[in-house]
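Please look over the structure below. The report then takes up the chain contact, a few helices, the core and some backbone details.

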Protein chains: 2
Amino acid sequence: MPAKNAFYAQSGGVTSVINASAAAVIQTAKKYPDQIGKVYAGKNGILGALREELYDTSEEAAATITALKHTPGGAFGSCRYKLKSLEDNRAEYERLIEVFRAHDIGYFFYNGGNDSADTCLKVSQIAEKLGYPLQAIHVPKTVDNDLPITDCCPGFGSVAKYVAVSTLEATADVASMSETSTKVFIIEVMGRHAGWIAAAGGLANPDIILFPEVAFDRTKFIAKVRQSVEDNGHCVIVASEGAQDAEGKFLAEAGTLDAFGHKQLGGVAPTIATMIRDELGLKYHWALADYLQRSARHLSSQTDVDHAIAVGEKAVEYAIAGENAVMPAIIRTSDDPYAWEIQSAPLDQVANIEKMLPAEYISEDGYGITEAARTYLGALIEGEAATPWENGLPVHAKIKGVLVNKKLPPWSK
Amino acid sequence: MPAKNAFYAQSGGVTSVINASAAAVIQTAKKYPDQIGKVYAGKNGILGALREELYDTSEEAAATITALKHTPGGAFGSCRYKLKSLEDNRAEYERLIEVFRAHDIGYFFYNGGNDSADTCLKVSQIAEKLGYPLQAIHVPKTVDNDLPITDCCPGFGSVAKYVAVSTLEATADVASMSETSTKVFIIEVMGRHAGWIAAAGGLANPDIILFPEVAFDRTKFIAKVRQSVEDNGHCVIVASEGAQDAEGKFLAEAGTLDAFGHKQLGGVAPTIATMIRDELGLKYHWALADYLQRSARHLSSQTDVDHAIAVGEKAVEYAIAGENAVMPAIIRTSDDPYAWEIQSAPLDQVANIEKMLPAEYISEDGYGITEAARTYLGALIEGEAATPWENGLPVHAKIKGVLVNKKLPPWSK
């Protein structure tokens with residue numbers, strides 16, 4: 001059987017290590033020249049396939065591909081574009097297969113989270129229905145850490161490390177000045193649906209964590225802040241953007257108004273800061289890490305980088321071994337010392353299933369993490385992933401981005 | 001002459017390297033046992049002197065003092081407490097001298113910014129008037145980078161590096177997703193009075209920098225955002241918290257109201273994000289680095305750490321050499337390669353003088369930095385200062401904090 005080309009695409013929110021998976025896919029594919037020809041990467045993710053905008057990664061220098069391992073963002077472009085169901089938009093799936101056929105693509109590597117696992121499965125199914133030989137492998141990636149079967153998701157460990165380190169450092173700052181200055185410090189972190197990232201802040205031992213999983217109780221919260229300031233002189237709070245009250249209303253939607261009376265998109269941190277000002281009159285400061293937390297490659301966890309590379313390598317090896325509609329999952333085989341291996345997980349057991357933060361990871365009072373959580377999280381932030389520096393700044397790969405000639409009429413939605 | 005004790009205090013907003021100066025003062029003092037007895041550190045800065053709360057640093061393990069060199073925050077506590085003028089509160093200065101006399105303190109090392117340079121000078125003057133032999137040396141520190149004579153201020157180089165690296169990393173993130181997601185990213189940075197920190201963001205080549213020095217023009221700004229998005233697909237903005245309009249009104253005070261109609265303490269980032277939403281309808285994200293930027297010791301510049309240690313060492317050497325009312329200033333002797341030395345600067349030429357961002361550091365359109373700024377700033381972010389790690393987190397010093405027995409009646413304000 002002659003070699004088939006491969007298509008790789010990045011999907012959804014990027015991470016500081018998604019390019020490490022990309023590099024691993026591209027480099028591992030090169031080891032199998034009899035089975036895999038070129039690796040094409042979608043420009044801006046799956047949109048690149050629909051539009052027939054395919055980067056030829058063989059045009060990139062080997063050093064550029066290696067440098068992807070320390071480059072944040074999505075080097076080939078990612079997108080938030082969810083394919084509809086097969087029933088609702090079969091044409092879109094058929095277009096994908098048409099592009100794959102035109103470019104002799106026999107391997108589909110899709111690097112993303114929950115939605116893309118679902119898409120990857122559907123692409124595999126439609127290819128089979130259409131009689132087009134395709135091996136579709138999902139490469140896990142999401143800072144949300146919510147994919148099932150896998151012990152963790154590449155991208156999460158680095159965000160966890162960022163949040164834990166930042167909280168620890170800011171705590172040193174606040175603690176040293178609390179007598180005459182700021183008494184309450186809030187860091188707002190990502191995690192709309194689950195408190196995985198907020199829990200990671202627990203490794204820095206803040207006074208309070210606000211989880212989406214624990215209904216916010218204003219009276220209890222204010223009492224806890226007061227107590228922390230009385231006991232320690234200050235109070236450090238890690239607040240998940242998904243923090244919500246018992247009715248499921250996000251604190252971030254508490255309804256601040258701009259100067260024209262328009263409702264403003266809020267944040268959890270300013271909302272609870274205002275509460276603390278109103279109820280306790282304490283001086284506060286707050287930080288919103290936003291994209292910094294998921295792009296901080298300079299602070300990535302080595303464990304996370306290792307995972308990201310391993311799932312990229314295994315994805316290609318699974319494809320070579322004839323697997324289809326699977327995802328390399330990270331399986332923890334030991335807590336102490338931390339050990340792990342990669343196993344193949346069927347995509348129909350992954351797609352559309354969200355792994356939530358276990359209740360036993362949250363302390364009894366709802367404001368901290370348990371020893372079980374420390375064990376789980378601690379392993380994932382281990383190791384400092386080196387990155388090359390030049391003139392005081394990290395060096396990032398810059399792809400040439402050579403597009404393959406189109407062979408098909410333009411895609412019409 | 002028998003050895004006299006020394007008093008060291010941290011003042012004002014802390015930095016990621018102020019403890020490196022503390023360690024240098026304590027370690028260098030040990031080299032001169034004939035002149036310097038013990039080094040006492042003020043608990044919470046100058047308040048520690050007024051209250052006679054003095055940590056005996058000789059009670060700390062040598063390893064703890066060394067570890068201060070990689071510990072953010074102010075290990076002995078800092079404070080925002082500005083002594084009044086000699087005329088308004090002479091008693092306060094006399095109390096200081098009384099405490100110094102009670103504990104046989106002949107050296108006063110004050111580690112701070114503009115206000116503390118002024119206090120240090122006044123303490124030196126009152127000691128002289130009262131005939132109390134004291135050598136007062138100011139140890140420079142401020143992320144604001146606004147002390148005169150010295151080429152830069154310890155603490156600034158690390159914030160500059162943090163802001164440049166964070167902006168660079170977030171740009172990679174935004175650029176990779178801008179087609180279908182966020183088009184405008186704003187990072188708000190410190191600098192109420194001067195744009196030094198915002199200028200440092202320029203090293204990452206953002207599309208727009210908002211300086212306090214350049215009057216904000218909404219129409220021109222919106223046009224620039226639109227143009228950046230048209231040209232590059234996205235727009236990255238570094239906004240100084242001190243950004244203001246032609247009338248000197250801070251953008252952060254644009255007047256957002258909370259749900260109860262109370263005026264909310266704002267931020268520049270949400271204010272301009274709202275503008276961009278209203279005028280251009282573009283999807284935006286914003287980050288507020290807040291204390292993270294000045295406590296991020298994991299990302300400190302080696303140049304900055306070297307400066308912080310050098311000014312601590314020289315402060316002690318100046319004292320030994322008989323100097324009084326001076327500050328070790330960092331003098332740049334060459335741009336390429338960057339070279340510097342420490343020189344003694346008289347405090348009366350330092351106190352109450354703010355060094356502003358030079359106009360020639362801001363590009364003609366007011367939204368960027370010039371080559372001169374790149375040369376100046378580039379040197380200060382050079383080098384990555386190592387820090388020890390354990391279990392995935394940076395290791396910080398923890399002082400025992402043994403207080404000296406009091407000899408005086410309590411301080412009454």
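What follows is a short report on a predicted model.

## Contact between the chains

Chain A brings 63 residues to the contact, and chain B brings 63 residues. On the side of chain A that touches chain B, five elements each supply at least two residues: helix H6 (156-177), strand S9 (256-257), strand S11 (284-288), helix H10 (291-295) and strand S15 (393-394). H6(A) gives the most, with 13 residues. By class, this side of chain A holds 29 nonpolar, 23 polar and 11 charged residues.

## Helix H5 of chain A

Helix H5 of chain A covers residues 114-129. Its 16 residues, at 1.5 Å a residue, should span 22 Å. The end C-alpha atoms are 23 Å apart, which agrees.

Much of the packing can be read from the buried positions. Among the buried residues of H5(A) are Asn114(A), Asp118(A), Cys120(A), Leu121(A), Lys122(A), Val123(A) and Ala127(A). The buried residues of H5(A) pack against helix H2 (46-50), helix H4 (90-102), strand S4 (105-112), strand S5 (135-140) and strand S12 (326-335) of chain A. Just after H5(A), Gly131(A) takes a positive phi of about 70°.

## Helix H4 in both chains

Take chain A to begin with. The 13 residues of H4(A) should span 18 Å at 1.5 Å a residue, and the end C-alpha atoms are 18 Å apart, which agrees. Tyr93(A), Leu96(A), Ile97(A), Glu98(A), Val99(A) and Phe100(A) are its buried residues. Their cover includes strand S1 (4-10), H2, S4 and H5 of chain A. Asp104(A) follows H4(A), with a positive phi near 55°.

Now chain B. Helix H4 (residues 90-102) of chain B has 13 residues and should span 18 Å at 1.5 Å a residue; its end C-alpha atoms are 18 Å apart, in agreement. Buried in H4(B) are Tyr93(B), Leu96(B), Ile97(B), Glu98(B), Val99(B) and Phe100(B). The elements covering them include strand S1 (4-10), helix H2 (46-50), strand S4 (105-112) and helix H5 (114-129) of chain B. Just after H4(B), Asp104(B) has a positive phi of about 55°.

## How H4 and H5 of chain B pack

Two packed helices are described by the angle between their axes and the distance between the axes. At what angle do H4(B) and H5(B) pack? The angle is about 75°, and the axes of H4(B) and H5(B) are 10 Å apart. Angles of 65 to 115 degrees count as roughly perpendicular, so H4(B) and H5(B) are roughly perpendicular to each other.

H4(B) makes the contact through Tyr93(B), Leu96(B) and Ile97(B), and H5(B) through Lys122(B), Val123(B), Ile126(B) and Ala127(B). By class, the contact of H4(B) with H5(B) has six nonpolar, no polar and one charged residues.

## The nonpolar core

The largest nonpolar core has 277 residues. Val25(A), Ile186(A), Phe7(B), Val25(B), Phe109(B) and Ile186(B) touch the most other members.

One of these is Ile186(A). Not counting residues up to four places away in sequence, Ile186(A) touches Ile237(A), Ala239(A), Ala269(A), Ile272(A), Ala273(A), Tyr284(A) and Trp286(A).

## A buried glycine

Gly195(B) sits in the loop between strand S6 (184-189) and helix H7 (196-201) of chain B. Is Gly195(B) buried or exposed? A residue is buried if 20 or more other C-beta atoms lie within 10 Å of its own. Gly195(B) has 27 within 10 Å, so Gly195(B) is buried.

Leaving aside neighbours within four places in sequence, Gly195(B) is in contact with Phe211(B), Pro212(B), Glu213(B), Ser240(B) and Leu357(B). Asp144(B) is 51 residues from Gly195(B) along the chain, and their C-alpha atoms are separated by 8.6 Å.

## Backbone details

Asp336(A) and Pro337(A) are joined by a cis peptide bond, with omega about 0°. Pro337(A) is in the loop between S12 and strand S13 (338-346) of chain A. In chain B, a cis peptide bond joins Asp336(B) and Pro337(B), and omega is about 0°. Pro337(B) is in the loop between strand S12 (326-335) and strand S13 (338-346) of chain B.

Two asparagines of chain A also deserve a look. Asn145(A) is not a glycine, yet has a positive phi, near 55°. Asn145(A) lies in the loop between S5 and H6 of chain A. With 28 other C-beta atoms within 10 Å, Asn145(A) is buried. Asn352(A) also has a positive phi, near 65°. Asn352(A) is in the loop between S13 and helix H12 (371-380) of chain A. With 11 other C-beta atoms within 10 Å, Asn352(A) is exposed.

Note on methods:
Residues are numbered from 1 along each chain as its sequence is written. Chains are lettered from A and ligands numbered from 1 in the order in which they are written. This is a predicted model: local features need pLDDT of at least 70, side-chain atom pairs count only at pLDDT 80 or more; totals for chains, interfaces and linings use all residues. Two residues are in contact if their C-beta atoms, placed from the backbone, lie within 7 Å. Helices (H or I, at least four residues) and strands (E, at least two) are DSSP runs, numbered from the N terminus. Ala, Val, Leu, Ile, Met, Phe, Trp, Tyr, Cys and Pro count as nonpolar, Asp, Glu, Lys and Arg as charged, and the others, Gly among them, as polar. The expected span of a helix is 1.5 Å times one less than its number of residues. A residue is buried if 20 or more other C-beta atoms lie within 10 Å of its own, exposed if 12 or fewer, and partly exposed in between; C-beta atoms are placed from the backbone. Axes are lines fitted to C-alpha atoms, for helices over the stretch in contact, and angles run from 0 to 180 degrees between N-to-C directions. Angles under 35 degrees count as roughly parallel, over 145 as roughly antiparallel, 65 to 115 as roughly perpendicular and the rest as oblique. A nonpolar core is a set of buried Ala, Val, Leu, Ile, Met, Phe, Trp, Tyr and Cys residues joined through C-beta atoms within 7 Å.
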